[in-house]
Amino acid sequence: MLFLWLYMFYSCAGSCAGLAARGSPAPPRAAPPLLPGEPGEESSLEEQRAAPDAGSSISSFFNGSGTKRLPQAIIIGVKKGGTRALLEFLRVHPDVRAVGAEPHFFDRNYERGLAWYRDLMPKTLEGQITMEKTPSYFVTKEAPARISSMSKGTKLIVVVRDPVTRAISDYTQTLSKKPDIPTFESLTFKNRTTGLIDTSWSAIQIGIYAKHLENWLLHFPIGQILFVSGERLISDPAGELGRVQDFLGLKRIITDKHFYFNKTKGFPCLKKAEGSSKPHCLGKTKGRTHPDIDQEVVQRLRDFYRPFNMKFYQMTGQDFGWD
């Protein structure tokens, strides 16, 4: 009887594997995660378009590589707040698996469907968390309802930064690609004489955090959203990562021993990156030198953001100290 059972098992294993090979497209080879600063860091992931999911129980048994799952946690914002740093730091944790590039599913690619989105995800084992980050979700009106429709239990992380500094950083990034754009000062105002701020300019609009958060709170309770300080992510990365690990229900594995401060770049770097024994800093697109901005313009922006900041502090129960 034992010999008969073994014969049937191995016969099935061979034939099932053969049928899978003949009847289903081979799963695509996972593209290596893009390192920060490489060209295409914020690409639309066309190169990672999915073939039909082949993660059956039989194939999982034979390849032992886990299963592709929809993300249980998403870094939803904000642009130029420190989202890339947070993702790279989190990927050091053995129980976190994340997409390297930005899927932009809930803003640009939603019509492709959840199966397409899931196939972009890395394979995970039981107990591991699947994550992605796309900072533009925070300011996309449709994103909260779409993520809630996928899973009401999705944990959301928002990395926020002084909105004035964030706007200047945003402008600096655009300037590096389009050197002939108007000055920061001219883009800030609809009318500089009256001091009327142009809130239609995305660099200004993104920093009105309270306005965007109101939209998210229509679909998610405040306790399901973690707000990470971009400033503290630089000054105390281990402390902020501790909060993030607690929020995600992970053991606190990422600690001070994982970081060193790079004086040239002006921010912390990893002593060892994911899957490497070498130190790793974010690429040359991070930590660019900001242009000198008229201090009167900076002060007017601070005055403009102050009431929005105060409201954001009240909504989140955190004082980020931007004034």
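Visitor: Before we start, what does contact mean here?
Guide: Contact means that heavy atoms lie within 4.5 Å. Keep in mind that this is a predicted model.

Visitor: Fine. Which residues is Ile208 in contact with, leaving aside its neighbours within four places in sequence?
Guide: With those neighbours left out, Ile208 touches Thr199, Phe304, Tyr305 and Phe308.

Visitor: And where is Ile208 found?
Guide: Ile208 sits in the loop between helix H8, residues 202-205, and helix H9.

Visitor: Is Ile208 buried or exposed?
Guide: Buried: its relative accessible area is 5%. The cut-off for buried is under 20%, so Ile208 qualifies.

Visitor: How many residues apart in sequence are Ile208 and Phe312?
Guide: They are 104 residues apart in sequence. In space, their C-alpha atoms are 8.7 Å apart.

Visitor: You mentioned H9. How do the axes of H9 and H12 cross?
Guide: The axes of H9 (residues 209-216) and H12 (residues 295-316) cross at roughly 35° and come within 8 Å.

Visitor: Which residues meet there, from H9 and from H12?
Guide: H9 brings Tyr209, Ala210, Leu213 and Glu214. From H12 come Phe308, Lys311, Phe312, Met315 and Thr316. By class, that contact has 6 nonpolar residues, 1 polar residue and 2 charged residues.

Visitor: Now H3 and H11. What is the angle between their axes?
Guide: Helix H3 (residues 83-90) and helix H11 (residues 237-247) have axes that cross at roughly 75° and come within 11 Å. The two helices are therefore roughly perpendicular to each other.

Visitor: What range counts as roughly perpendicular?
Guide: Angles of 65 to 115 degrees count as roughly perpendicular.

Visitor: Which residues of H3 and H11 meet?
Guide: Leu86, Phe89 and Leu90 in H3 meet Pro237, Leu241 and Val244 in H11. This contact of H3 with H11 has 6 nonpolar residues, with no polar and no charged ones.

Visitor: New topic. How many disulfides does the count come to?
Guide: The count comes to 1 disulfide. Cys269 and Cys281 form it, with their sulfur atoms 1.7 Å apart.

Visitor: Remind me what a disulfide is?
Guide: A disulfide is a covalent bond between the sulfur atoms of two cysteines.

Visitor: Where do Cys269 and Cys281 lie?
Guide: Cys269 is in strand S11 (residues 267-270), and Cys281 is in the loop between S11 and H12. The pair therefore ties together parts that are 12 residues apart in sequence.

Visitor: Is the disulfide left-handed or right-handed?
Guide: The torsion about the S-S bond of Cys269 and Cys281 is about 100°, so the disulfide is right-handed.

Visitor: Are those cysteines buried or exposed?
Guide: Cys269 counts as buried, at 1% relative accessibility. Cys281 also counts as buried, at 18%.

Visitor: What about Thr130: which strand is it found in?
Guide: Thr130 belongs to strand S5, residues 129-133. Thr130 counts as buried, at 0% relative accessibility. Beyond its neighbours within four places in sequence, its contacts include Arg69, Leu70, Pro71, Arg97 and Met121.

Visitor: Last thing, the whole chain. How many helices and strands are there?
Guide: The protein chain has 12 helices and 11 strands. Of its 323 residues, 46% are buried. The chain exposes about 16400 Å², and carbon and sulfur atoms supply 57% of that.

Key: Residues are numbered from 1 along each chain as its sequence is written. This is a predicted model: local features need pLDDT of at least 70, side-chain atom pairs count only at pLDDT 80 or more; totals for chains, interfaces and linings use all residues. Side-chain values use heavy atoms; hydrogens and water are left out. Axes are lines fitted to C-alpha atoms, for helices over the stretch in contact, and angles run from 0 to 180 degrees between N-to-C directions. Helices (H or I, at least four residues) and strands (E, at least two) are DSSP runs, numbered from the N terminus. Angles under 35 degrees count as roughly parallel, over 145 as roughly antiparallel, 65 to 115 as roughly perpendicular and the rest as oblique. Ala, Val, Leu, Ile, Met, Phe, Trp, Tyr, Cys and Pro count as nonpolar, Asp, Glu, Lys and Arg as charged, and the others, Gly among them, as polar. Buried means under 20% relative accessible area, exposed over 50%, partly exposed in between (1.4 Å probe, protein chains only). Accessible areas come from the Shrake-Rupley method with a 1.4 Å probe; for residues, only the protein chains shown count as cover. A disulfide is a pair of cysteine sulfur atoms within 2.5 Å.
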